Amino acid sequence: MRTLFIGGGNMASAILGGLMAEGRDAAAFTVVEPHEQTRERLAARLGVAVRESAAGAGAHAVVVLAVKPQQMREAVRPLLPLDPATLVVSIAAGVRIADLRRWLGGHGRIVRTMPNTPALVRAGITGLHAAPEVDADGRALAERLLSAVGETVWLPDEGDLDAVTAVSGSGPAYVFYFIEALERAGRELGLAPETARRLALATFRGSARLAAERGEDPAVLRAQVTSKGGTTERALAAMQADRLGERFGEAVKAARERSRELGEATGKDS
């Protein structure tokens, strides 16, 4: 199925790499990318066709919009007019379906998605929401594209994507922040830097795997580690005294509000 990617950055190349790893034919994909070095790298690494402009690219069953939100309006102009059957999949944060529909001349077969950066190692998770015009086949096609880089979850309400942005879209930065903090604490306790980093990374990786494979509530797993009167209890008490959990929740809510603001700003007409 012929697929056109508008933008060849990290997320687009990750999706393409995942699709290639599944055995998809590179000849089915074309990437529009203005930067010559990026075009050359994509062609050499993945064997896909590359173009500087979408003008004259021809018809494609699927168009993946993978440019920055502020570039989106200009990036889609060369696509017009779109075949009504074309499925448009957007991975641009904050760009709403109503705005894409307007910029695409009323085209309604649109799926908006929110992936995250672990997609770069095919360990991501993507939230998806489809416009009413997208049928079951279109939804399945969008899911196949994004599942090449990790898990997928469908959202019934487009507004939920602001929460997805705050939780999983921005979430890797929160995890890296806490990895940094745990590593720094290890160094302050006298551990060698490489040892502190190894311990911090393995602890986060192993704990996430344990939670995923056990399927138990994280609170239960936490309690299993927390012996009464022990070291873990003392550490958690210090965190609770500073309302760390509440503050973290407030931070994630702030990210959701910023996602809403950016969506409104991106959609405003000049």
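I'll start with helix H5, residues 136-146, where Gly 138, Leu 141, Ala 142, Leu 145 and Leu 146 are buried. Those residues lie on the same side of H5, because the arc they cover around the axis is only 130 degrees. On the other side of H5, Ala 136 and Asp 137 are exposed. Keep in mind that this is a predicted model.

What do the buried residues of H5 pack against? One partner is a helix, H1, at 10-21. The others are strands: S4 at 62-65, S5 at 87-90, S6 at 110-114, S7 at 124-130 and S8 at 150-154.

Two of those strands, S7 and S8, form a unit together with H5. S7, H5 and S8 make a β-α-β unit, and that unit is right-handed. S7 and S8 run parallel, and five bridges join them. As a specific pairing to look up on the screen, Leu 128 stands opposite Trp 154 in S8.

Now to another helix, H8, which covers residues 193-214 and includes Arg 214. Is Arg 214 buried, exposed or partly exposed? Its relative accessible area is 48%, so Arg 214 counts as partly exposed; the exposed class requires over 50%.

Which residues does Arg 214 contact, if we leave aside its neighbours within four places in sequence? Those are Leu 221 and Gln 224. For a distance across the chain, take Arg 214 and Pro 69: they are 145 residues apart in sequence, and their C-alpha atoms are separated by 38 Å.

Notes. Residues numbered from 1 in each chain as written. Predicted model: local features only at pLDDT ≥ 70, side-chain atom pairs only at ≥ 80, totals over all residues. Heavy atoms only, no water. Helix = DSSP H or I, 4+ residues; strand = E, 2+ residues; numbered from the N terminus. Buried < 20%, exposed > 50% of the residue type's maximum accessible area, 1.4 Å probe, protein only. Contact = heavy atoms within 4.5 Å. Arc of directions from axis to C-beta. Pairing = 2+ DSSP bridges. Right-handed = clockwise from strand over helix to strand, strands pointing away.
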